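This report walks through a structure shown below, with attention to how its parts meet. Please keep the sequence and the model open while reading.

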Amino acid sequence: MYIMDFLELAQDQQRQLLDRLTVYAERKYKRLGWFKDGHFRSPSGQGPEDIAAEAIVRLIQGRRTYDEQKYPDLLVYLKNVVDSIVYHIIKSIDFEKRKSKPYTLTEDGKIEEIEIENGGD
């Protein structure tokens, strides 16, 4: 399937692909401990729906080349793109700085670092 083939999918098929990819990303987030207080968020602030959408955007924009021979199932290919995006979040400098710092999600879905006071110093 080429980019144009993806764009020619019926809207409900595109939506179903996005939904299934989002569920895949949610499972990945849970394994990584990026689910807290009923919310999914990576340390960089992206939700699983953001990662799933980014995987599809990269395909459409041609930033990721789809090899139909190697991946006859587009969903399997896009799951690999999600894996790659998450891997790069983990390896990012920003993630290294944040991973040891506690954070919480505000009501509007933004990440806020929690200040920890050293008692008795």
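## Aromatic rings

Rings of Phe, Tyr and Trp (for Trp its six-membered ring) are taken to pair if their centres lie within 6.5 Å, and the planes of a pair count as stacked when under 30 degrees apart, as edge-to-face when over 60 and as tilted for the rest. Ring pairs of this kind link Tyr29, Trp34, Phe35 and Phe40 into a cluster. The model is a predicted one, in which local features need pLDDT of at least 70 and side-chain atom pairs count only at pLDDT 80 or more, while totals for chains, interfaces and linings use all residues. Residues are numbered from 1 along each chain as its sequence is written, and side-chain values use heavy atoms, with hydrogens and water left out.

By the ring rule the count comes to 5 aromatic pairs. Tyrosine 29 and phenylalanine 40 form an edge-to-face pair, with 6.5 Å from centre to centre and 70° between the planes. Tyrosine 29 lies in helix 2 and phenylalanine 40 in strand 2 (residues 39–40), so this pair ties together parts that are 11 residues apart in sequence. Helices (H or I, at least four residues) and strands (E, at least two) are DSSP runs, numbered from the N terminus. Tyrosine 29 is buried, with a relative accessible area of 0%, and phenylalanine 40, at 16% relative accessibility, also counts as buried; buried means under 20% relative accessible area, exposed means over 50%, and partly exposed is in between, for a 1.4 Å probe and protein chains only. Phenylalanine 35 and phenylalanine 40 form a tilted pair, with 4.4 Å from centre to centre and 50° between the planes, and phenylalanine 35 is partly exposed, with a relative accessible area of 38%.

## Overall layout

The protein has 5 helices and 4 strands, and from the N terminus on its elements run α-α-β-β-α-α-α-β-β. Buried residues make up 29% of the 121 residues. Contact means heavy atoms within 4.5 Å, and among contacts between residues at least 6 apart in sequence, 53% join residues at least 24 apart.

## Helix 2 against helix 3

Helix 2 (residues 11–32) and helix 3 (residues 48–61) pack at an angle of about 130°, with their axes 8 Å apart. The axes are lines fitted to C-alpha atoms, for helices over the stretch in contact, and angles run from 0 to 180 degrees between N-to-C directions. Helix 2 and helix 3 are therefore oblique to each other, since angles under 35 degrees count as roughly parallel, over 145 as roughly antiparallel, 65 to 115 as roughly perpendicular and the rest as oblique.

Helix 2 passes helix 3 in a right-handed crossing; a crossing is right-handed if the near helix is turned clockwise from the far one by less than a right angle, and left-handed if anticlockwise. On the helix 2 side the contact is made by Leu18, Leu21, Thr22, Ala25, Glu26 and Tyr29, and on the helix 3 side by Pro48, Glu49, Ile51, Ala52, Ala53, Ala55 and Ile56. These residues divide into 10 nonpolar, 1 polar and 2 charged, where Ala, Val, Leu, Ile, Met, Phe, Trp, Tyr, Cys and Pro count as nonpolar, Asp, Glu, Lys and Arg as charged, and the others, Gly among them, as polar.

## Helix 2 against helix 4

The axes of helix 2 and helix 4 (residues 74–91) come within 10 Å and cross at roughly 40°, again in a right-handed crossing. Leu17, Arg20, Leu21, Tyr24, Ala25, Lys28, Tyr29 and Leu32 in helix 2 meet Leu74, Leu75, Leu78, Lys79, Val82, Asp83, Val86 and Ile90 in helix 4. By class, this contact has 12 nonpolar, no polar and 4 charged residues.

Alanine 25 lies in helix 2 and is buried, with a relative accessible area of 0%. Not counting residues up to four places away in sequence, alanine 25 touches Pro48 and Val82. The C-alpha atoms of alanine 25 and lysine 79 are separated by 8.1 Å, although these residues are 54 residues apart along the chain. Lysine 28, which is also placed in helix 2, is buried, with a relative accessible area of 16%. Leaving aside neighbours within four places in sequence, lysine 28 is in contact with Val82, Asp83 and Val86.

## A positive phi

Most residues other than glycine have a negative phi. Aspartate 37, a residue other than glycine, has a positive phi near 55°. Aspartate 37 lies in the loop between strand 1 (35–36) and strand 2 and is exposed, with a relative accessible area of 61%.
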